[in-house]
Number of protein chains: 2
Amino acid sequence: MPASSLIQQIQQHIELTDTEVLLLANYFKPHHFKKKSFLLRQGQDCRTMYFVEQGCLRMYFINKKASEQIVQFAIDGWWLSDYFSFMDGTPSEYYIQAIESSEVLIIEKLQFEEMLGKLPKMERYFRIMMQKAVAAAQLRSKLLYEMTKEEFFQHFSTSFPGFMQRVPLYMVASYLGLTPEYVSEIRKKQV
Amino acid sequence: MPASSLIQQIQQHIELTDTEVLLLANYFKPHHFKKKSFLLRQGQDCRTMYFVEQGCLRMYFINKKASEQIVQFAIDGWWLSDYFSFMDGTPSEYYIQAIESSEVLIIEKLQFEEMLGKLPKMERYFRIMMQKAVAAAQLRSKLLYEMTKEEFFQHFSTSFPGFMQRVPLYMVASYLGLTPEYVSEIRKKQV
DNA sequence: CGCGGGTTTGATGATGCTCAAGCCCGGTGG
DNA sequence: CCACCGGGCTTGAGCATCATCAAACCCGCG
């Protein structure tokens, strides 16, 4: 069993014995997803959390104009889930799709709770992950308040140059809440 | 010692013995804040988390146009902090101010860590709180994507009618990212 | 070579902001 | 008890930002 990137990440926050590592490994099921395959569809309950070991996922919904609105990306080392659906057991309004061929660790809600029962120290790891996610949400929110969409785009593309190569521009545009046409205009000025 | 609303909230998620309750009570320091007094100012490190027992706080920053941009409210039973500053120890860019006379429980970062060391089961409580905060952020983000500002305002005011009575309209406007003038226009149409 | 996904162009227009002014109303001091 | 003050809300004109729509273009790939 290779020490997965998840186990490494966990060990950055809590100490694990070898037996605990083995125990943990049972709860996280590795899955391969081909490009364009779906991990979750609108209307299904999101019973799982996804950890991207390698690849890239997007979470999106279909808006009133019947087009795809991306709300979140996840790349190597990131968690992704519809936490509302996950916690309440309500049907999700999102699709989760692989936009690259991806290696993903999956944990089901029931397994998640069982794991936390058997290895309570994992509560700490997830508390820290969630706290970071809240911090990230606060930061993003602040940027949205203080920047124009043009600035927001520039900020994103300079902050994550690598990511820009990795996914089509129109997806980034969608995630940032702007149209491909407008992004095009921004970039024209830019040069 | 009165069973504070915080202890009650914690006990909805984890079991606590009487001695644990007593132990906990040492970590959360009750403070009273008068209307308009500050809990945190821009430039200070946000070393604390705030739990509102009773009252109302706002978190805001000063934007380029030198006006106050509210990013978060907290009322009875809610946690509030600048989690970025709290975790990294970097100076905060926010002000936190009481907009009503408020009863607040305060925990310092060092105490927070010590408490988690002594009562590891509190990790679970905070994991759940943070997870809920992430879910809320996801929901808010979705609403922002799919609604016009007018719809966003209507949605907010029908979702939290009680809150609308409690704080001045221009603060709600700021929080929702719109100008008091525009809110005024919306409400005119409304009637 | 042709197809189709992704990007660009340009014209038009809506959404929501800015600025300046005035109004309303509750509180405070004379 | 009244006048005034000032915080909060409203009005209206003008304007910037950014979306919409239709069309063309570009280019990698089967």
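Guide: The expected span of a helix is 1.5 Å times one less than its number of residues. Helices (H or I, at least four residues) and strands (E, at least two) are DSSP runs, numbered from the N terminus. This is a predicted model, where local features need pLDDT of at least 70, side-chain atom pairs count only at pLDDT 80 or more, and totals for chains, interfaces and linings use all residues. Residues are numbered from 1 along each chain as its sequence is written, while chains are lettered from A and ligands numbered from 1 in the order in which they are written.

Visitor: How far does helix α5 of chain A reach from its first C-alpha to its last?

Guide: This helix runs over residues 121-146 of chain A and has 26 residues. At 1.5 Å a residue, 38 Å is expected. The reach in the model is close to that: 39 Å.

Visitor: Which elements of chain B do the buried residues of α5(A) pack against?

Guide: A residue is buried if 20 or more other C-beta atoms lie within 10 Å of its own, exposed if 12 or fewer, and partly exposed in between, with C-beta atoms placed from the backbone. The buried residues of α5(A) include A:M122, A:F126, A:R127, A:M130 and A:V134. Within chain A, their partners are α1 (5-11), β6 (79-80) and α4 (109-118). Across in chain B, they pack against α3 and α5.

Visitor: Which element supplies the largest share of the side of chain B that touches chain A?

Guide: Two residues are in contact if their C-beta atoms, placed from the backbone, lie within 7 Å. By that rule, 26 residues of chain B meet 26 residues of chain A. On the chain B side, β5 (68-75), α3 (83-88) and α5 (121-146) each supply at least two residues. The largest share, 16 residues, belongs to α5(B).

Visitor: How many nonpolar residues does the side of chain B that touches chain A have?

Guide: Ala, Val, Leu, Ile, Met, Phe, Trp, Tyr, Cys and Pro count as nonpolar, Asp, Glu, Lys and Arg as charged, and the others, Gly among them, as polar. On this side of chain B, six residues are polar and six are charged. The nonpolar count is 14.

Visitor: Which residues come nearest to DNA strand C?

Guide: A residue is near a strand if its C-beta atom, placed from the backbone, lies within 6 Å of it. Elements with at least two residues in this surface are α8 (169-176) and α9 (180-190) of chain A, and α6 (149-159) and α9 (180-190) of chain B. Of the 18 residues around DNA strand C, the nearest are A:L169, A:Y170, A:S184, B:K149 and B:Y182.

Visitor: Is A:K36 buried or exposed?

Guide: Most residues other than glycine have a negative phi. A:K36 is not a glycine, yet its phi is positive, about 75°. Its place is the loop between β1 (29-33) and β2 (38-40) of chain A. With 10 other C-beta atoms within 10 Å, A:K36 is exposed.

Visitor: What radius of gyration does chain A have?

Guide: The radius is taken over C-alpha atoms, and the globule rule is 2.2 Å times the number of residues to the power 0.38. The C-alpha trace of chain A spans about 55 × 35 × 30 Å along its principal axes. For 191 residues, a compact globule would have a radius near 16 Å. Chain A agrees, with 18 Å.
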